[in-house]
Amino acid sequence: MNPIPTDDDKTFVFDLLYGFYRSQALQTFATLGVADELAARPRTAHDLAADLDCDGPTLYRFLRLCTALRLVDSIGDGTFALTGAGALLRSGTDPTMRTVVRFWAGDEQWRAWGALEDAIRSGEPTLEDALGAPIFPWLAEHPERGRVFSEAMAERARMDHPGIVEACDLSGMRTIVDLGGGNGTLLTAFLKANPGLSGELVDTPANVALAETVLSEAGLSDRARLIAGDFFDSVPRDRDAYVLKSVIHDWNDEQSERALKVCRDAMRADSVLYIVDPVIPDEPEGWIASPRAVLSDLNMLVVTGGTERTAGEFEALLRASGFTLDSIRECPRAPGFSVVTACPAG
């Protein structure tokens with residue numbers, strides 16, 4: 001039986017079609033710094049144009065769209081004021097999503113998703129061909145975009161880490177290792193929430209340098225050790241807890257198993273592993289009700305060749321890597337994330 005499209009179906013498809021218009025408008029709003037300029041007071045497009053180095057009439061047209069997107073309000077006489085949503089795109093504030101938007105709607109993601117058809121046909125990531133190198137080495141060679149990526153991950157962490165810390169039971173633990181911990185934002189949250197805890201972070205030299213600043217500003221340098229290294233090669237041994245947040249989903253099963261086995265070999269029998277990633281629901285109702293995980297799954301495909309996983313896929317991956325799955329716990333205060341807890345297999 002062939003379904004007969006309704007007018008509502010047509011409207012729905014048009015809304016899907018125009019989605020990339022919205023994301024690019026959001027990215028442009030963030031990159032131009034419109035929110036910073038409007039933070040002090042409402043202004044006209046003509047006034048803003050001089051400070052933003054934009055064409056006045058064209059900026060007015062753009063702000064009309066931003067009004068429709070609820071980033072600004074039009075309050076009469078050509079004047080625009082910042083909304084709460086728009087205020088999330090200011091710089092240097094808490095909370096802020098400015099660099100989250102600048103990276104996830106930026107050129108790298110744009111080019112990767114532009115070749116989604118190729119990825120679906122081949123099963124391979126597309127961004128490496130577009131950039132000429134895998135994403136993480138490319139970011140290391142392009143420090144400005146690498147900085148935007150690190151800041152975007154830190155912004156996301158600041159929004160999510162209270163819920164993640166809450167979902168990881170560290171009671172009775174004295175040591176924790178954050179593998180691929182970026183600029184140290186999550187490790188900082190763990191240490192603040194657990195005064196008896198000391199921590200270590202393993203990441204690239206560039207991220208370790210950033211983490212040194214973050215932990216120092218938080219007054220936690222004496223409780224943290226920063227290691228420039230590769231967790232595919234080695235990790236600190238005999239610690240109580242090991243955390244991999246937004247790491248395992250970057251890699252396919254073979255690569256993930258290799259990283260997890262390195263971790264397993266370093267752990268004691270009573271150590272605990274926490275993997276913090278989206279978990280794809282098993283049923284179609286879950287894909288529809290909360291599409292973030294399945295969207296992220298395709299993003300992992302085109303950008304890194306990685307994947308989001310179902311509970312069953314996590315269990316199989318962990319078993320192959322020498323672990324026993326203990327639990328999977330959603331993070332209500334960090335929507336889209338779950339904490340997968342595992343222990344070394346006996």
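## Second largest pocket

A pocket is an open set of points on a 1 Å grid over the protein atoms alone, with protein on both sides within 12 Å along at least five of seven lines; lining residues have an atom within 4 Å of a point. Helices here are DSSP runs (H or I, at least four residues), and strands are E runs of at least two, numbered from the N terminus. The model is predicted: local features need pLDDT of at least 70, side-chain atom pairs count only at pLDDT 80 or more, and totals for chains, interfaces and linings use all residues. Residues are numbered from 1 along each chain as its sequence is written.

The second largest pocket holds about 390 Å³ of space. It has 18 lining residues, and A154, R158, N183, T185 and V214 are the closest to its centre. Two or more residues each come from α12 (143-167), α13 (185-193) and α14 (205-217). Helix α12 gives the most, with 7 residues.

## Backbone features

D94 and P95 are joined by a cis peptide bond, with omega about 5 degrees. P95 sits in the loop between α6 (84-87) and α7 (98-104).

D238 is not a glycine, yet its phi is positive, about 60 degrees. This residue lies in the loop between β6 (224-228) and β7 (241-245). S246, also a residue other than glycine, has a positive phi near 55 degrees. Its place is the loop between β7 and α15 (253-266).

## Exposure

Buried means under 20% relative accessible area, exposed over 50%, and partly exposed in between (1.4 Å probe, protein chains only). S246 is buried, at 10%. D238 is partly exposed, at 41%. F20, in helix α2, is partly exposed with a relative accessible area of 41%.

Methods. Side-chain values use heavy atoms; hydrogens and water are left out. On a 1 Å grid over the protein atoms alone, a cavity is a set of points where a 1.4 Å probe fits but cannot get out, and a pocket is an open set with protein on both sides within 12 Å along at least five of seven lines; lining residues have an atom within 4 Å of a point. Grid points are joined across faces, edges and corners, and a volume is the space filled by probe spheres set on the points.
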